[in-house]
Amino acid sequence: MMMLRRAGMALLLLVAAAACTGTEEPPLELLLAVGAGDAVVFYPAGTDAADEVGRWSLGAPVVDLARAEGEVRLWVLAPDALRAYPLQGSRSDRGPDPVAASVELPLGVDCSEGTLELGATYLLVQCGADVWTVPLEGPMLEPVDTGADPEGTLYLFGPDDRVVRVEPTVSGFHLVYPQPPDDPLEYDAGALAGVAALAAAWSADRLGVALGSGPPADAVFYLWTAGSTEPPRAEAALRGLSEPRWLQPLQDGWLVGGAEFYLLRREGKDDVVRSGGYLDAAVTPDAYAYLIAPGRLVVIDLLDPNLSEHVRAVDAQAAAIAFFPASE
(Lines give C-alpha, C1' and ligand atoms only; values in the text may rest on other atoms or scores of the structure.)
Protein backbone atom coordinates (compact mmCIF):
# COMPACT_ATOMS: atom_id res chain seq x y z
CA MET A 1 0.00 0.00 0.00
CA MET A 2 1.08 3.30 -0.88
CA MET A 3 1.06 5.97 1.69
CA LEU A 4 2.85 9.41 1.31
CA ARG A 5 6.17 9.31 -0.48
CA ARG A 6 7.59 12.76 0.37
CA ALA A 7 10.70 12.53 -1.76
CA GLY A 8 10.87 15.06 -4.55
CA MET A 9 7.86 17.26 -3.76
CA ALA A 10 9.90 20.47 -3.96
CA LEU A 11 11.32 19.49 -7.33
CA LEU A 12 7.84 18.56 -8.51
CA LEU A 13 6.76 22.15 -7.91
CA LEU A 14 9.61 23.46 -10.07
CA VAL A 15 8.90 21.04 -12.88
CA ALA A 16 5.20 21.90 -12.95
CA ALA A 17 5.94 25.61 -13.03
CA ALA A 18 8.38 25.25 -15.90
CA ALA A 19 6.18 23.06 -18.10
CA CYS A 20 3.96 25.84 -19.38
CA THR A 21 3.54 24.26 -22.81
CA GLY A 22 1.91 21.15 -21.40
CA THR A 23 4.13 18.91 -23.52
CA GLU A 24 5.64 15.70 -22.21
CA GLU A 25 8.97 16.08 -20.43
CA PRO A 26 11.64 13.36 -20.72
CA PRO A 27 11.77 11.17 -17.60
CA LEU A 28 14.65 11.39 -15.18
CA GLU A 29 17.05 8.44 -15.04
CA LEU A 30 15.32 6.47 -12.32
CA LEU A 31 14.80 2.82 -11.56
CA LEU A 32 11.55 1.35 -10.29
CA ALA A 33 11.64 -1.23 -7.50
CA VAL A 34 8.61 -3.52 -7.71
CA GLY A 35 7.64 -5.91 -4.95
CA ALA A 36 6.47 -9.16 -6.57
CA GLY A 37 5.95 -12.25 -4.45
CA ASP A 38 9.23 -13.14 -2.75
CA ALA A 39 11.28 -10.80 -4.96
CA VAL A 40 12.06 -7.17 -5.68
CA VAL A 41 12.23 -6.66 -9.45
CA PHE A 42 13.86 -3.61 -11.04
CA TYR A 43 12.71 -1.79 -14.18
CA PRO A 44 13.79 1.43 -15.91
CA ALA A 45 11.42 4.33 -15.28
CA GLY A 46 9.65 6.04 -18.18
CA THR A 47 6.82 5.38 -20.59
CA ASP A 48 8.59 2.93 -22.90
CA ALA A 49 8.14 -0.82 -22.50
CA ALA A 50 11.23 -2.36 -20.91
CA ASP A 51 12.32 -5.73 -19.56
CA GLU A 52 13.46 -6.12 -15.98
CA VAL A 53 17.08 -5.11 -15.38
CA GLY A 54 17.60 -6.96 -12.13
CA ARG A 55 15.94 -9.07 -9.46
CA TRP A 56 16.49 -9.75 -5.78
CA SER A 57 15.12 -13.09 -4.57
CA LEU A 58 14.56 -12.49 -0.86
CA GLY A 59 12.95 -15.74 0.32
CA ALA A 60 10.05 -13.94 2.02
CA PRO A 61 6.98 -12.16 0.62
CA VAL A 62 7.43 -8.45 -0.09
CA VAL A 63 4.55 -6.62 1.60
CA ASP A 64 5.58 -3.00 0.98
CA LEU A 65 8.57 -0.91 -0.13
CA ALA A 66 9.91 2.53 0.74
CA ARG A 67 12.97 4.63 0.01
CA ALA A 68 13.75 7.95 1.66
CA GLU A 69 15.07 10.84 -0.44
CA GLY A 70 18.88 10.80 -0.46
CA GLU A 71 19.12 7.34 1.09
CA VAL A 72 21.11 4.57 -0.59
CA ARG A 73 19.03 1.75 0.83
CA LEU A 74 15.63 0.26 0.12
CA TRP A 75 13.29 -0.59 3.00
CA VAL A 76 11.42 -3.86 2.54
CA LEU A 77 8.53 -4.89 4.76
CA ALA A 78 8.05 -8.67 5.01
CA PRO A 79 5.48 -10.54 7.13
CA ASP A 80 8.11 -11.28 9.78
CA ALA A 81 10.52 -8.33 9.72
CA LEU A 82 11.46 -4.90 8.41
CA ARG A 83 14.72 -4.97 6.47
CA ALA A 84 16.85 -2.39 4.66
CA TYR A 85 19.02 -3.35 1.68
CA PRO A 86 21.86 -1.23 0.27
CA LEU A 87 21.33 0.16 -3.22
CA GLN A 88 24.70 -0.13 -4.92
CA GLY A 89 26.03 -0.89 -8.38
CA SER A 90 22.93 0.18 -10.30
CA ARG A 91 22.77 1.95 -13.66
CA SER A 92 19.93 2.82 -16.01
CA ASP A 93 20.29 -0.65 -17.60
CA ARG A 94 21.29 -2.60 -14.50
CA GLY A 95 19.63 -3.11 -11.15
CA PRO A 96 21.49 -2.82 -7.84
CA ASP A 97 23.68 -5.65 -6.60
CA PRO A 98 21.93 -8.32 -4.51
CA VAL A 99 23.48 -8.05 -1.06
CA ALA A 100 22.52 -8.98 2.47
CA ALA A 101 20.28 -6.67 4.48
CA SER A 102 22.12 -3.96 6.39
CA VAL A 103 19.21 -3.61 8.86
CA GLU A 104 16.90 -6.35 10.12
CA LEU A 105 14.20 -5.64 12.69
CA PRO A 106 12.05 -8.70 13.62
CA LEU A 107 8.43 -7.65 14.20
CA GLY A 108 7.20 -10.51 16.36
CA VAL A 109 3.75 -10.35 14.68
CA ASP A 110 2.29 -11.33 11.31
CA CYS A 111 2.53 -8.27 9.05
CA SER A 112 1.24 -9.86 5.83
CA GLU A 113 -1.02 -6.85 5.20
CA GLY A 114 1.16 -4.09 6.62
CA THR A 115 2.19 -0.73 5.22
CA LEU A 116 5.21 1.57 5.27
CA GLU A 117 5.14 5.38 5.28
CA LEU A 118 8.09 7.75 5.08
CA GLY A 119 8.28 10.83 7.23
CA ALA A 120 11.01 13.45 7.33
CA THR A 121 13.39 11.45 9.53
CA TYR A 122 11.31 8.43 10.51
CA LEU A 123 9.60 5.43 8.96
CA LEU A 124 6.14 4.38 10.10
CA VAL A 125 5.30 0.65 10.14
CA GLN A 126 1.66 -0.36 10.52
CA CYS A 127 0.67 -4.01 11.00
CA GLY A 128 -2.96 -3.82 12.05
CA ALA A 129 -3.02 -2.81 15.71
CA ASP A 130 0.77 -3.07 15.98
CA VAL A 131 2.46 0.17 14.93
CA TRP A 132 6.04 1.39 15.20
CA THR A 133 8.08 4.43 14.31
CA VAL A 134 11.62 3.74 13.11
CA PRO A 135 14.29 6.47 13.06
CA LEU A 136 16.18 6.42 9.77
CA GLU A 137 19.37 7.15 11.69
CA GLY A 138 20.01 4.35 14.16
CA PRO A 139 16.97 2.26 13.14
CA MET A 140 15.03 0.55 15.92
CA LEU A 141 11.38 -0.29 16.52
CA GLU A 142 9.67 2.32 18.71
CA PRO A 143 6.14 1.10 19.57
CA VAL A 144 3.17 3.46 19.17
CA ASP A 145 0.55 3.13 21.92
CA THR A 146 -2.54 1.82 20.12
CA GLY A 147 -4.33 0.19 23.06
CA ALA A 148 -7.21 2.68 23.18
CA ASP A 149 -7.72 2.95 19.42
CA PRO A 150 -10.64 1.24 17.65
CA GLU A 151 -10.10 -1.53 15.13
CA GLY A 152 -9.34 -0.22 11.65
CA THR A 153 -7.55 2.95 12.81
CA LEU A 154 -5.13 4.39 10.24
CA TYR A 155 -1.84 5.87 11.46
CA LEU A 156 0.14 8.35 9.39
CA PHE A 157 2.80 10.99 9.82
CA GLY A 158 1.75 14.59 10.00
CA PRO A 159 4.15 17.56 10.07
CA ASP A 160 7.28 17.00 12.20
CA ASP A 161 6.65 13.24 12.04
CA ARG A 162 3.76 13.45 14.46
CA VAL A 163 1.68 10.27 14.48
CA VAL A 164 -1.86 11.20 13.45
CA ARG A 165 -4.82 8.87 13.89
CA VAL A 166 -7.79 8.51 11.54
CA GLU A 167 -10.31 6.31 13.32
CA PRO A 168 -13.31 4.80 11.50
CA THR A 169 -16.76 5.53 12.89
CA VAL A 170 -20.21 4.28 11.90
CA SER A 171 -20.76 7.20 9.54
CA GLY A 172 -17.28 8.55 8.79
CA PHE A 173 -14.06 9.07 10.73
CA HIS A 174 -12.62 10.61 13.88
CA LEU A 175 -9.40 12.62 13.47
CA VAL A 176 -6.88 12.84 16.32
CA TYR A 177 -4.02 15.30 15.74
CA PRO A 178 -1.36 15.57 18.49
CA GLN A 179 -0.86 19.30 18.90
CA PRO A 180 0.38 19.29 21.62
CA PRO A 181 0.55 15.55 22.33
CA ASP A 182 -1.12 15.83 25.74
CA ASP A 183 -4.00 17.96 24.38
CA PRO A 184 -4.71 16.77 20.80
CA LEU A 185 -7.11 18.32 18.33
CA GLU A 186 -10.03 15.97 17.67
CA TYR A 187 -12.78 16.17 15.05
CA ASP A 188 -15.59 13.98 13.76
CA ALA A 189 -16.47 14.03 10.07
CA GLY A 190 -18.49 12.00 7.61
CA ALA A 191 -22.05 11.40 6.56
CA LEU A 192 -22.12 7.89 5.12
CA ALA A 193 -24.40 5.06 6.13
CA GLY A 194 -21.67 2.67 7.10
CA VAL A 195 -18.04 3.10 6.11
CA ALA A 196 -16.65 0.22 4.03
CA ALA A 197 -13.32 1.72 3.00
CA LEU A 198 -11.00 4.39 4.37
CA ALA A 199 -7.80 5.87 2.95
CA ALA A 200 -5.72 8.85 4.07
CA ALA A 201 -2.48 10.66 3.23
CA TRP A 202 -0.68 13.96 3.85
CA SER A 203 0.53 16.46 1.27
CA ALA A 204 2.66 19.17 2.89
CA ASP A 205 0.28 20.44 5.60
CA ARG A 206 -2.90 19.00 4.03
CA LEU A 207 -4.64 15.82 5.14
CA GLY A 208 -6.78 14.04 2.59
CA VAL A 209 -9.28 11.37 3.66
CA ALA A 210 -11.38 9.29 1.27
CA LEU A 211 -14.42 7.40 2.59
CA GLY A 212 -16.37 4.77 0.69
CA SER A 213 -19.58 3.00 1.63
CA GLY A 214 -19.26 0.18 -0.88
CA PRO A 215 -20.70 -0.21 -4.39
CA PRO A 216 -22.61 1.30 -6.03
CA ALA A 217 -22.20 4.42 -3.86
CA ASP A 218 -19.58 7.07 -4.62
CA ALA A 219 -16.75 7.89 -2.26
CA VAL A 220 -16.50 11.16 -0.33
CA PHE A 221 -13.29 13.15 -0.01
CA TYR A 222 -12.30 15.42 2.92
CA LEU A 223 -9.48 17.91 3.35
CA TRP A 224 -8.00 19.31 6.55
CA THR A 225 -5.11 21.72 7.16
CA ALA A 226 -2.69 20.74 9.91
CA GLY A 227 -3.53 22.44 13.19
CA SER A 228 -6.71 24.06 11.89
CA THR A 229 -9.46 24.86 14.37
CA GLU A 230 -11.99 24.00 11.65
CA PRO A 231 -13.09 20.38 11.16
CA PRO A 232 -12.28 18.44 7.98
CA ARG A 233 -14.08 19.89 4.96
CA ALA A 234 -16.02 17.68 2.57
CA GLU A 235 -15.14 18.15 -1.10
CA ALA A 236 -17.13 17.04 -4.14
CA ALA A 237 -17.86 13.31 -4.11
CA LEU A 238 -15.47 11.01 -5.95
CA ARG A 239 -17.92 9.91 -8.63
CA GLY A 240 -17.55 6.32 -9.73
CA LEU A 241 -14.95 5.49 -7.07
CA SER A 242 -16.76 3.58 -4.35
CA GLU A 243 -13.99 1.64 -2.58
CA PRO A 244 -10.89 3.82 -2.01
CA ARG A 245 -7.70 1.85 -1.32
CA TRP A 246 -4.97 4.50 -1.28
CA LEU A 247 -4.24 8.20 -1.77
CA GLN A 248 -1.19 9.60 -3.52
CA PRO A 249 -0.58 13.36 -3.12
CA LEU A 250 0.18 15.47 -6.18
CA GLN A 251 1.54 19.01 -6.43
CA ASP A 252 -1.94 20.32 -7.31
CA GLY A 253 -4.26 17.59 -6.10
CA TRP A 254 -4.61 13.90 -5.38
CA LEU A 255 -4.50 10.54 -7.12
CA VAL A 256 -6.99 8.16 -5.52
CA GLY A 257 -6.99 4.42 -6.14
CA GLY A 258 -10.04 2.20 -5.74
CA ALA A 259 -10.92 -1.44 -6.21
CA GLU A 260 -12.07 -0.97 -9.82
CA PHE A 261 -11.24 2.63 -10.78
CA TYR A 262 -8.71 5.35 -10.09
CA LEU A 263 -9.37 9.08 -10.00
CA LEU A 264 -7.20 12.12 -10.62
CA ARG A 265 -8.40 15.24 -8.79
CA ARG A 266 -6.64 18.54 -9.47
CA GLU A 267 -7.41 22.09 -8.43
CA GLY A 268 -9.44 24.00 -11.01
CA LYS A 269 -9.90 20.99 -13.32
CA ASP A 270 -12.50 18.32 -13.88
CA ASP A 271 -11.97 14.96 -12.22
CA VAL A 272 -10.53 12.23 -14.41
CA VAL A 273 -11.89 8.75 -13.62
CA ARG A 274 -10.53 5.65 -15.34
CA SER A 275 -10.99 1.92 -14.91
CA GLY A 276 -8.36 -0.24 -13.28
CA GLY A 277 -7.84 -1.51 -9.75
CA TYR A 278 -4.24 -0.74 -8.79
CA LEU A 279 -2.57 -1.91 -5.59
CA ASP A 280 0.04 0.82 -5.24
CA ALA A 281 1.31 3.97 -6.91
CA ALA A 282 4.31 6.29 -6.90
CA VAL A 283 4.77 9.80 -8.27
CA THR A 284 8.35 10.64 -9.26
CA PRO A 285 10.01 14.09 -9.06
CA ASP A 286 9.60 14.59 -12.83
CA ALA A 287 5.78 14.38 -12.50
CA TYR A 288 5.20 10.86 -13.77
CA ALA A 289 2.69 8.65 -11.99
CA TYR A 290 3.30 4.89 -11.87
CA LEU A 291 0.32 2.67 -10.99
CA ILE A 292 1.01 -1.00 -10.29
CA ALA A 293 -1.09 -4.15 -10.43
CA PRO A 294 -0.19 -7.81 -10.99
CA GLY A 295 1.42 -8.01 -14.44
CA ARG A 296 0.61 -4.39 -15.29
CA LEU A 297 2.25 -1.00 -14.89
CA VAL A 298 0.49 2.14 -16.11
CA VAL A 299 2.57 5.29 -16.54
CA ILE A 300 0.99 8.75 -16.81
CA ASP A 301 2.82 11.96 -17.63
CA LEU A 302 1.01 14.41 -15.34
CA LEU A 303 2.16 17.33 -17.52
CA ASP A 304 0.55 15.83 -20.62
CA PRO A 305 -2.81 17.58 -21.14
CA ASN A 306 -4.26 14.31 -22.47
CA LEU A 307 -2.97 12.32 -19.50
CA SER A 308 -2.30 9.42 -21.84
CA GLU A 309 -1.85 5.99 -20.28
CA HIS A 310 1.32 4.11 -21.22
CA VAL A 311 0.86 0.44 -20.37
CA ARG A 312 3.87 -1.73 -19.55
CA ALA A 313 4.17 -5.39 -18.61
CA VAL A 314 5.71 -6.29 -15.24
CA ASP A 315 5.94 -9.36 -13.03
CA ALA A 316 2.66 -11.22 -12.60
CA GLN A 317 2.84 -10.85 -8.80
CA ALA A 318 3.61 -7.11 -8.73
CA ALA A 319 1.93 -5.40 -5.76
CA ALA A 320 4.19 -2.59 -4.41
CA ILE A 321 6.40 0.07 -5.98
CA ALA A 322 9.14 2.56 -5.07
CA PHE A 323 11.77 4.45 -7.07
CA PHE A 324 15.39 5.64 -6.78
CA PRO A 325 18.09 7.26 -8.96
CA ALA A 326 19.47 4.87 -11.56
CA SER A 327 23.08 5.53 -10.52
CA GLU A 328 23.71 5.45 -6.77
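A residue is called buried when its relative accessible area is under 20%, and the legends below apply that cut-off to a predicted model.

**View 1. The aromatic pair of W56 and Y85.** Among the ten aromatic pairs that the structure holds is the one between W56 and Y85, whose ring centres are 5.5 Å apart and whose planes meet at 45°, so the pair is tilted. W56 belongs to strand β3 (residues 54–57) and Y85 to strand β6 (residues 81–86), so the contact ties together parts of the chain that are 29 residues apart in sequence. Because its relative accessibility is 2%, W56 counts as buried, and Y85, with a relative accessible area of 8%, is buried as well.

**View 2. The aromatic pair of Y187 and W224.** In this view the rings of Y187 and W224 form a tilted aromatic pair, with 6.0 Å from centre to centre and 55° between the planes. The pair links distant parts of the chain, since Y187 sits in strand β15 (residues 185–189) and W224 in strand β18 (residues 219–225), 37 residues apart. Y187 has a relative accessibility of 13% and therefore counts as buried, while W224 is buried with a relative accessible area of 3%.

**View 3. The aromatic cluster that includes W56 and Y85.**

Key: Residues numbered from 1 in each chain as written. Predicted model: local features only at pLDDT ≥ 70, side-chain atom pairs only at ≥ 80, totals over all residues. Heavy atoms only, no water. Phe/Tyr/Trp six-rings, centres within 6.5 Å; stacked < 30°, edge-to-face > 60°. Helix = DSSP H or I, 4+ residues; strand = E, 2+ residues; numbered from the N terminus. Buried < 20%, exposed > 50% of the residue type's maximum accessible area, 1.4 Å probe, protein only.
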